[in-house]
Amino acid sequence: MNRPPPGRDEPPPSSRRAFLRDAARAGAAAALAAVARHAGAQPMNAPDRPADAEAPPTALGYDDAYKLHRTGEGHPESPERLQAVLDGLRQAGLLDRLRRVAPRPAAEQEVLACHTETYLRTVRRDVESGAGSLSTGDTTISPESYRVALLAAGGACAAVDAVLAGKARNAFCAVRPPGHHATPEVGMGFCIFNNVAIAARYAQKCHGLGKVLIVDWDVHHGNGTQDIFWRDGSVFYFSTHQSPWYPGTGREDEIGEGAGRGTTLNCPLAAGAGRKEIVEEAFQGKLLPAAAAFKPDLVLVSAGFDSRAGDPLGGFLLSDEDFADLTRLLLGIARDHASGRLVSVLEGGYALDGLASASAAHVRALTEA
Ligand SMILES: [Zn+2]
């Protein structure tokens with residue numbers, strides 16, 4: 001493992017933002033190589049490709065069918081959210097620079113790698129019966145919801161394919177319904193299937209990757225993702241989330257069990273947490289060393305933008321620039337250990353303006369990797 005020179009383990013506060021940019025660009029063990037450069041040393045880890053090589057574009061996984069999962073008037077998890085994301089990307093001049101990756105429905109076997117057969121049948125039965133919500137929890141459904149939920153999970157898998165095949169340097173999947181509250185047998189919290197978990201299992205089973213890091217910056221704890229990998233040491237789950245808050249899980253002492261003991265890392269934070277608590281203390285202070293020890297082969301992001309200031313369903317204070325810095329930090333981890341492989345999947349984010357600008361800042365940082 002790389003180590004910083006003695007006494008140089010903190011960048012000067014005044015250059016913290018430039019430091020984060022440097023960390024990602026250098027592919028540093030994020031912080032560490034950038035620190036070495038600040039000290040005048042050579043970068044410890046060379047980038048995977050020459051600086052002048054043509055890199056493939058960032059991918060966008062999106063399908064208009066995602067809007068067909070209807071939740072009813074006034075519901076915060078609305079089809080308009082995806083239009084806001086697309087409009088934000090267009091206004092930022094990013095939309096035409098992204099490689100579109102067409103989502104496909106997830107195969108049942110891919111879903112069953114994370115959910116029980118009973119739950120899969122329950123979702124299909126609930127939707128076919130015309131019910132207004134899942135019988136397992138607080139997720140509104142409509143006649144197209146089963147098909148759309150499969151397309152959301154399959155969209156994340158298709159993005160994994162694109163990145164693993166080298167067709168895209170990284171990817172952002174603008175999907176709905178979101179996924180991180182869906183446990184093996186319970187759909188809840190606006191979620192049906194756990195998109196990011198299914199993508200992690202898919203990367204392992206179909207691409208032979210060993211270790212996957214899932215980073216969840218949604219304001220809510222991803223109880224479903226935690227449950228799915230609770231006893232699995234091959235998938236590391238890291239989450240910053242408001243506490244106390246929905247769904248009530250994600251205490252610091254929830255660290256996994258058995259083979260998974262130590263590969264769940266929760267950072268519960270009080271309402272009002274922002275850059276200092278999330279970017280600096282949790283991501284830089286806790287995630288970076290954990291990721292350096294875990295050495296993931298792929299980085300997945302549960303990208304919930306309800307942790308942005310002004311979101312109606314959360315009390316965190318992250319700014320658009322903070323999301324860009326979080327993205328750069330994760331790109332540094334991906335570059336260090338995973339040949340740059342990073343796939344981001346939309347979770348929450350319910351203030352339409354904030355969702356648009358935050359997701360654009362996130363995607364812009366992805367394109368600058
Ligand atoms: Zn959320």
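Biologist: Where is Pro 244 found?
Modeller: Pro 244 is in the loop between E5 and E6. One thing to keep in mind: this is a predicted model.

Biologist: Which kind of peptide bond runs from Ser 243 to Pro 244, cis or trans?
Modeller: Cis. Omega there is near 0°. Tyr 246 and Pro 247 are joined by a cis peptide bond too, with omega about 0°. Pro 247 also lies in the loop between E5 and E6.

Biologist: How do E5 and E6 pair, parallel or antiparallel?
Modeller: Parallel, over 6 bridges. E5 covers residues 235–242. Ser 239 stands opposite Asn 266 in E6.

Biologist: What is the strand order in the sheet?
Modeller: The order is E2-E1-E3-E8-E7-E4-E5-E6. That is an open sheet of 8 strands, with parallel pairing. E2 (99–101) and E6 (264–269) stand at the edges. Each has a single partner strand, so one side of each has no neighbour in the sheet. On average, neighbouring strands are turned by 15° against each other, direction ignored.

Biologist: Zooming out, how many helices and strands does the protein chain have?
Modeller: The protein chain has 11 helices and 8 strands. Of its 369 residues, 56% count as buried. Take the contacts with a separation of 6 or more: residues 24 or more positions apart account for 75% of them.

Biologist: Let's pick a helix. What is the reach of H11 from its first C-alpha to its last?
Modeller: H11 reaches 22 Å, close to the 22 Å expected at 1.5 Å a residue. It has 16 residues, 352–367.

Biologist: Why is H11 called largely enclosed?
Modeller: Because 12 of its 16 residues are buried. Among them are Gly 354, Leu 355 and His 362.

Biologist: Tell me about Asp 320. Is it buried or exposed?
Modeller: Asp 320 is buried, with 20 other C-beta atoms within 10 Å. Its place is in H10.

Biologist: Which residues does Asp 320 touch, not counting those up to four places away in sequence?
Modeller: Ser 357, Ala 358 and Ala 361. Asp 320 and Ala 361 are 41 residues apart along the chain, yet their C-alpha atoms are separated by 5.8 Å.

Biologist: New topic: backbone angles. What is the phi of Phe 190?
Modeller: About 75°, a positive value although Phe 190 is not a glycine. Phe 190 is in the loop between E3 and H7 (195–207). It counts as buried, with 27 C-beta neighbours inside 10 Å.

Biologist: And what is phi near for Lys 295?
Modeller: Near 55°, again positive in a residue other than glycine. Lys 295 is in the loop between H9 (275–294) and E7.

Biologist: How many C-beta neighbours does Lys 295 have inside 10 Å?
Modeller: It has 16, so Lys 295 counts as partly exposed.

How values were computed
Residues numbered from 1 in each chain as written. Predicted model: local features only at pLDDT ≥ 70, side-chain atom pairs only at ≥ 80, totals over all residues. Helix = DSSP H or I, 4+ residues; strand = E, 2+ residues; numbered from the N terminus. Expected span 1.5 Å × (residues − 1). Pairing = 2+ DSSP bridges. Axes fitted to C-alpha atoms, helices over the stretch in contact; angles between N-to-C directions. Contact = placed C-beta atoms within 7 Å.
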